[in-house]
Amino acid sequence: MGVDVIDARLLGKSHGLAEPYPLMGHLLDTAMVAGAVWEEVLTVPQRVELAAALAVDVEGAKKIVMFWAGLHDLGKIIPQFQQMLARDRPGHGGFLAEAAYAGDEAGADSAARLRHEVATNQVLPQLLAGVGYPTDGPLGQLLVSQVAQVLGGHHGRYPRGVEIKSFRDPLSDCPGLGGGGWVVQRSEHMRALQEVLGCPEVPAGRSGRFGSGRGMPLALVVVVAGLVIVSDWLASQEDVILAQQRALGPGAGGFGESASLWAHAERARVMAPSLVFGAGLGRAVFREGTFASLFPEVRSAFPLQASLEAGLPAAVGAGGGPGVLLVTAPPGEGKTEAALYAATVMAARFGSSGLFFALPTQATANQMYERVARFARRNLVDSAQLTLLHGAADLYEGYEEASEADPRVLSDHGGGGRSGVSVVASWWLRMRGRGLLAPIAVGTVDQALLGVLPVKRNALRHLGLSGKTVVVDEAHAFDAYTHALLLRLLTWLGAMRVPVVLLSATVTGRTATGLVEAYLEGAGRRRKGGYVLPPAAYPGWLYADAGQVTGPVEPVGSVRSRSLDVVVRRVVHTHDTAVPDGRLAALIAELRGVVDQGGCAAVICTTVAEAQKTFEALREHFDTVLGRGWEGWDDREPAAGKRSGGREGADTVRLRLLHARFPGARRAAITAEAESWFGRVGSAGVARPRGAVLVSTQIIEQSLDFDFDVIVSDLAPMALLLQRAGRVWRHTEPAPPRPGWCTGPRLAVLAPVGADGKLCPPAAWGDVYSPSLLQRTLELLERHHDGAPVEIPEGVQRLVDGVYDEEFDSEDPERLMQHDLERLGAEMAAEGLASMVMLPKPAKADGLFQLTTSAADEDLIATRLGAETVQLLPVFDRGDGVRWLDAQCTVPLPVHGGRRDGRFTREEVRGLLGYVVPCAHGPWMKSRTPANEVPGLWAQEPCLARLVLLPHRVEDGPSAGVQGQQMGDRLLSVSHTLGLVMARCES
């Protein structure tokens, strides 16, 4: 029999459904959802640009994109896919034996599996050509190839382009597509979709522009690809299908009549906006206003903020299109508020309707999440979703969840008002890979950098970034590899016409210029035009777009101008002691005022191991000086009257350790405690102690709003030292009480030297810092003012740039040359590796295939070099085989979750992850045994399956204590006070 109508027996969905769902139903559903995504997610400028690229009006472009989205699963009309569903649904595949389907599909039984999305890519060129899409020669086929690849990539990876001969006969290369009735039904399904959508125009219909080979700009193509994926996901939700099935009634027939197709499509059209809204998608629109109205808690704008308010609106209104704003100022000058203000100005001018705030670390992202949430609640025009994006986001208690009872309720308030506007993240957005689609997102910069790596579903990141204003904080804080990825990201953002704000306290002039130029290249501004970027004032800002560069010529001034006392202490490093006596003596000398009179100090160490040893050495010293009964170093608050020994008042000094190798929940608790001690005086929950010392690593140098009276730091590159100095006397309004010994901000730098007095970084530092930058920094600091203070902000830029001076006058030029060559070689290698793995620039990409597939080793595709981590879960036992999650053996290790099927609830997973310790991958991992494997049922949970158990033996009696596990040449153990300790074993 011939097939000349829609055959509703061809299925689109089956898994998990009581009755399978006709393919035609799913194609219509997806097309209608795509229309809602177009209206509710894409910005007006995006719609206009797509319409211009397609040479149709905006409404016509919408119908074309809906048509494309509906075609995404056309490749399911192939023998293999339908036979697969028939095997799962006895009685539903009998029609496949009919002559129309069984006559000539030579490849139906082929051993090679033909994925349905690949089939979509194969069949679409011929089908689109049949309805008028241009295919006259290779150049004329570009648009058709783009559409086929976009739809063929709706499961995350773009397929290769279709061979030219397949445009005429796709079965010639792929007989598994099926001939006869299969060909007819693919055509009929597409024709039916066309009719329901009112026969969308052929994009080349008005001007024939695609016949010249121009196609759509790649920066727009990837946005369409993301829209298709999201539309498919929303339309594939079980409740959507069940609702449509109930309306269809018994059986799957009815799609052979136009009236039934229209009725089904209308139901989907009415349902679609609620699906978009329920998922948490949409746009975030901030109200416009003055700086004072947006930030009423700020008593008066800082000079930087006032300068932006005075100059930025005119700069972005000059007509040059979206641009990049670079803001440079020392820590504490209000850069965060300046960025949020700028985002509202740029969004209003360019029609962007969302925000992504990118931070260098998880800790800084957590803190920024709270600040952005407060800003959003105050200034959103209506409710919008806010997500926190990094690997441990669910561990952060401040990350709000939607109501479990009704996860789709975004706000209990009516629309329009600013009071009580909701920023709660929905369940849909909190699922893996979707968070960047939220109207507002805060996360690590890695979330955006993945968009320029050939990873699966990077189209979702392109869609998520494309309608937003993107803020990158600490834009200087990356190594050569990650910096190269950031440059490529900026080029893509420029091509996608995304407004960008770059924030930095210590960026070099050369780096700043490179960041801005990368964006302008993507935006279409060519250096052949002869433009020259002026240096940004410091403190100050610079705004550049495709047509202009604007910004204050002179520094904008500062209310926090101060003289920073920088003292360099050369400490002799010996390799046979953990904390050399010279270093400990220098530490004690710098902290003497805190011990005697109180105050708050930070000790910043280069490595976790060094921080742990420093903490123990200081604890031992304080115990000796203040008496063994002193409890100030303990993590528990000592009971009143229980202290003993020491001088009057001296024993109130508290000593804490904070680094990245604590269990997640423990680190969060220590961080929260530190925020309550060293945060802004007058803020909720902040109670500054009389005396406290925080021993930490680099994790506190960025974005955390801490204020110390003095900082003692290991030698580090100049930019990082000045960044750390931003935590000294940070707050001024109101200023915390300062102890009598503290007459001004002070930074003490401990420089490790050998017996000859020359720089000698400890071997344990490894390649954390380049010896070249350490030598340049040390020499520059020591001869800077011959002991005179560093003027902040006036002296910052000169010091930062001075470290990289090509004419650097070194006291040991031969040694510096050797170090410089090593540094430059390492940077070139890192940049070369980045160029191997990252996406090509949008203007130079040959097609879509290379955007999700790379010839490089998959292990090399990462946002940071050497950042591979192992997630360790400490477990404890007393020798009886029973394992516990705590050393007190009170919390049992669960073998299975609390659900009926043994799976874990989200809360249970979050609770378990709170015990997990991150650790850098190393050779010791090769020594894993079955004791390191998680319980079998954990394999069903992606977040738990990859964990590595770290057994501990709890000893009772005279030898009471906890013994960790030896793995290779390392002994690993976790303690409440020190976190994960990795000690080298001698045997």
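**Close-up views of a predicted protein chain**

**View 1. The protein chain as a whole.** Among contacts (heavy atoms within 4.5 Å) in the protein chain between residues at least 6 apart in sequence, 76% join residues that are at least 24 apart. The model is predicted, with local features needing pLDDT of at least 70 and side-chain atom pairs counting only at pLDDT 80 or more, while totals for chains, interfaces and linings use all residues. Residues are numbered from 1 along each chain as its sequence is written, and side-chain values use heavy atoms, with hydrogens and water left out. Of the 987 residues of the protein chain, 57% count as buried, that is, under 20% relative accessible area with a 1.4 Å probe and protein chains only.

**View 2. The second largest pocket.** A pocket here is an open set of points on a 1 Å grid over the protein atoms alone, where a 1.4 Å probe fits, with protein on both sides within 12 Å along at least five of seven lines, and its lining residues have an atom within 4 Å of a point. The second largest pocket is lined by 36 residues, of which Gly12, Lys13, His15, Lys76 and Phe81 lie nearest its centre. Helix 4 gives the most to this lining, with seven residues; helices are DSSP runs of H or I with at least four residues, numbered from the N terminus.

**View 3. Gln185 in helix 10.** Gln185 has its place in helix 10, which covers residues 181-196, and Gln185 counts as buried because its relative accessibility is 0%. Although 111 residues separate Gln185 from Leu74 in sequence, the two are 9.4 Å apart in space, C-alpha to C-alpha.

How values were computed: Helix = DSSP H or I, 4+ residues; strand = E, 2+ residues; numbered from the N terminus. Buried < 20%, exposed > 50% of the residue type's maximum accessible area, 1.4 Å probe, protein only.
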